[in-house]
Every structure is written in C-alpha cells, then in structure tokens.
Amino acid sequence: MSHKNKKIVIIGSSGLVGGNLLAFSPRYPFQTIPTFHHFIPDTFQKTGLHLDITNPNALREVLETVQPDCVVNLSCMEVVRCENEPDRAHQLQVTGVKDLAGVCKEYNIRLIHLSTDTVYSGEKGSPYTLKDAPDPVSVYGRTKLAGERALQEVLDNFVIVRSALVLGKGRFRMGGFLDWMIERGARQEKIPLFSDQLRTPIIVDDLIALIFALAESSFTGTLLAGGDEGLSRVEMGEKLFTAMGTSKKLINPISMDSIVSPVPPQRDLRLDTSKIIEIVGIVGCRAIDDYFLRGL
C-alpha cells in the first residue's frame, strides 16, 4: 500500500499539536482523519468526527468504521486540572489509553501515543535518557506514565513519544505558552517567566515531522522528543522578544519557589534526544531563534 492511501486517525485534533498537524498534513502523503471531543472548530463542524476516548464503544465504532493504518493519540488533560481532578485524569490518561490500545490490537492498527517529559521529576541535574527510570511527581506525570505502561501491556505495534515543551501557535484557539508570551509582549505587558526551570523545547513543526516519520516506520518502543537547546523560560522569552523587536525589559524573571501552585516544581526536564536520529534519521531540530525570526 502506498503512503498516500494510508489513513491516520488523530485523537485530540483541536489542541496545539493536533491543530498544527492538520494544518501541515498536506505536506505529507497520508489521508488524515481528525476527531474531536468537546471543541470542534468551525471548519470541521460538518466533517469532524466526535470521539470520547473514555467511551470504549465509541472508540470501537470510529476505528471499525474508518479502518485506519495508524492512530495518533494526542489526548490529555491540563496539568493543573489533573491535580484538581485526579480521578478524571486517570480515566482519560490511563483507562482511556488502555481501551484505545485494546481496540488498536483488535484491528491491527499502529498507535503513536504522545506522552511527556514530566514523567521525570526534574531532579537528575542533567538531560534524561531512556535509561533513566521515570519518577513523576505530579498527577499529570503519574497518569501519563501509567497510560504508557497500560498501553505496553496490551499492544505490540506502538510508539510512545515523550515530548518536551512544545512551542507553536494555536491553529484553532489561543492559549499555549507561545501564544501567551506573544500576546503579552504585543500589549507591552510585563511577563513573569521562570529563570530556574530548564527544558529542551521542541518546535511544533519538528514534532509533527517526527510523528509522520514514525507513522511510516516500523520502529516500536519509546522515544524522547525535544530540541537541541536546554533553555529556561526566561531564555525562551528573550529569544522571542528579540525576534519581535520587543524590549526584553518586559520579562520579569521569577523563581519556581516564588509562586503557589498545586503542581510540584520540576526544575530540569532536559531530554537527550539522540535516539531519534538513530531511529528515524531526523538530524537535529530547528533552532528556536530561526523559528521565531521567520515569523512563526
């Protein structure tokens, strides 16, 4: 079967990654079928499929009807909401993922599952590798890890992608970290950013390229997906404001200890992503500066 005839179902199409994946999908030789839960964008009101991953009957009905070659699961709950609603987080990110894996096994469907760098505590002090045992400290991280393990117990043909912080603009609605910084900067408002948390942010374009590469590969297992630079939130803001021609004086560096949050602080979530090059041949990720300078 040629790639142009392969069908990929996207679960969680209205979010940052899902919206950009749909926007960029014409670049790739696949038929992409989006599904939505609570929010369906105007352009998909008539054609978008409704799917609740926590409803096993709905999962089976959609996948049996579409018969895709691959499913990309982008569904997740907001980090803070997970702390406030742990039962719902478990239902979505563990039970729902296990049910999805079961249906994929039944119909011989490849599953690409987006996980997170927050399965690690951030206490190591150097970039995490796949040899490091996950040690999550938040409900979000714990349920995402439990979802990974539930998936692996059921399915053989899968890829788990533990993604770093994703930088990109929302396609259907604003609200991500980058959109928030752009909006505040455009209004010349002070913007508080952590100076003491390190991430290896990945540009959404690069994450999508990785997802499509994995859709046509035979690799199974877990990968760490991030950019080439370990940056604090302050450094990300400085790079963005330089590209926007906005004064970096608007940035207010703060410590993670200076805020009250239900989510435990995670100070160093840098990822070693060298395995990606070995597996799918993607050599390096786009520099943050270049991405910002070319107009996002």
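In what order do the seven strands of the open sheet stand, and in what sense do they pair? The order is β3-β2-β1-β4-β5-β6-β11, and the pairing is parallel. Two strands are taken to pair if DSSP finds at least two bridges between them. Helices (H or I, at least four residues) and strands (E, at least two) are DSSP runs, numbered from the N terminus.

This is a predicted model, in which local features need pLDDT of at least 70 and side-chain atom pairs count only at pLDDT 80 or more, while totals for chains, interfaces and linings use all residues. Residues are numbered from 1 along each chain as its sequence is written, and side-chain values use heavy atoms, with hydrogens and water left out.

Strand β6 (residues 158–163) is joined to two strands, as tabulated here.

| Strand pair | Sense | Bridges | A bridge pair |
|---|---|---|---|
| β5 and β6 | parallel | six bridges | I112 and V159 |
| β6 and β11 | parallel | five bridges | R162 and L224 |

Six of the six residues of β6 are buried, so this strand is largely enclosed by the rest of the structure. Buried means under 20% relative accessible area, exposed over 50%, and partly exposed in between (1.4 Å probe, protein chains only). F158, I160 and R162 point one way from β6, whereas V159, V161 and S163 point the other way.

Helix α7 lies across β1 (7–11), β2 (31–36), β4 (70–73), β5 (110–116), β6 and β11, and runs at about 150° to β5. For such angles, axes are lines fitted to C-alpha atoms, for helices over the stretch in contact, and values run from 0 to 180 degrees between N-to-C directions.

**Nonpolar cores**

A nonpolar core is a set of buried Ala, Val, Leu, Ile, Met, Phe, Trp, Tyr and Cys residues joined through side-chain atoms within 4.5 Å. The largest has 46 residues, of which I8, V72, V161, L167, L207 and L214 touch the most other members. Helix α7 (residues 204–215) gives the most to this core, with eight residues. Apart from it lies another core, of 29 residues, which includes V62, A101, C104 and I160.

Residues up to four places away in sequence aside, L214 touches R110, I112, V159, V161, F219, L223 and V280. Contact means heavy atoms within 4.5 Å.

**Helix α8**

Helix α8 (residues 233–244) holds A243. The helix has 12 residues and reaches 16 Å from its first C-alpha to its last, close to the 16 Å expected at 1.5 Å a residue. That expected span is 1.5 Å times one less than the number of residues. The buried residues of α8 are R233, V234, M236, G237, K239, L240 and F241.

A243 counts as partly exposed because its relative accessibility is 28%. Leaving aside neighbours within four places in sequence, A243 is in contact with F292 and L293. After α8 comes G245, whose phi is positive, near 70°.

**Cysteines**

The structure holds zero disulfides, a disulfide being a pair of cysteine sulfur atoms within 2.5 Å. For C82, the nearest cysteine sulfur is that of C76, 7.7 Å away. The sulfur of C104 is 8.3 Å from the closest cysteine sulfur, in C70, which is too far for a bond. C82 is buried, with a relative accessible area of 0%, and C104 is buried, also with 0%.
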